Amino acid sequence: MYLSEPTPDLLFRTLADPTRRALFERLCREGELTVRVLTDQAGVSQPAVSKHLGVLKEAGLVTDRQDGRQSHYSARPGALAPLVDWTQRMNVFWERRFDDLEDLLRRMDQ
């Protein structure tokens, strides 16, 4: 299990790969799934899916549990909190910039 909160950089790097992003999104939508089920629609080999799941796990975005020989994975959407915080800060930044631009354009029209 991931012990500390992942950084935005780690999350961006992890989710930049379209296959990893698709696996994470699928787990968010469908809940716990086995590697076999994930592989069926992933478009890549089972070893590749397992490797991507390992990267997602290292970033704290998924957890796994063993049931006999099968590994079951679940998404941890709450691990995206650092990205949510970052986007909120960026939203405030851009809102201020657009407000300043709007003020400038108003003054230019007068």
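Reader: Quick one to start: is E32 buried, partly exposed or exposed?

Author: E32 counts as partly exposed, because its relative accessibility is 36%. Buried here means under 20% relative accessible area, exposed means over 50%, and partly exposed is in between (1.4 Å probe, protein chains only). Bear in mind that this is a predicted model, where local features need pLDDT of at least 70, side-chain atom pairs count only at pLDDT 80 or more, and totals for chains, interfaces and linings use all residues. Residues are numbered from 1 along each chain as its sequence is written, and side-chain values use heavy atoms, with hydrogens and water left out.

Reader: OK. Which residue does E32 form a salt bridge with?

Author: R65, with the closest N and O atoms 2.8 Å apart. E32 lies in the loop between α2 and β1 (33–34) and R65 in strand β2 (residues 62–67), so the pair ties together parts that are 33 residues apart in sequence. A salt bridge here is a side-chain nitrogen of Lys or Arg within 4 Å of a carboxyl oxygen of Asp or Glu. Helices (H or I, at least four residues) and strands (E, at least two) are DSSP runs, numbered from the N terminus.

Reader: How many salt bridges does the structure hold?

Author: There are 5. One of them joins the side chains of R26 and E30, at 3.2 Å from N to O. Both sit in helix α2, 4 residues apart, which is about one turn of the helix. R26 counts as buried at 9% relative accessibility, while E30 is partly exposed at 44%.

Reader: And which residues are linked in a network?

Author: E102, D103 and R106, by salt bridges. The D103 and R106 side chains meet at 3.2 Å, N to O.

Reader: Switching topic: how do α1 and α2 pack?

Author: Helix α1 (residues 8–16) and helix α2 (residues 18–30) pack at about 100 degrees, with axes 5 Å apart. They're therefore roughly perpendicular to each other, a label that covers 65 to 115 degrees. The axes are lines fitted to C-alpha atoms, for helices over the stretch in contact, and angles run from 0 to 180 degrees between N-to-C directions.

Note on methods
Parallel < 35°, antiparallel > 145°, perpendicular 65-115°, else oblique.
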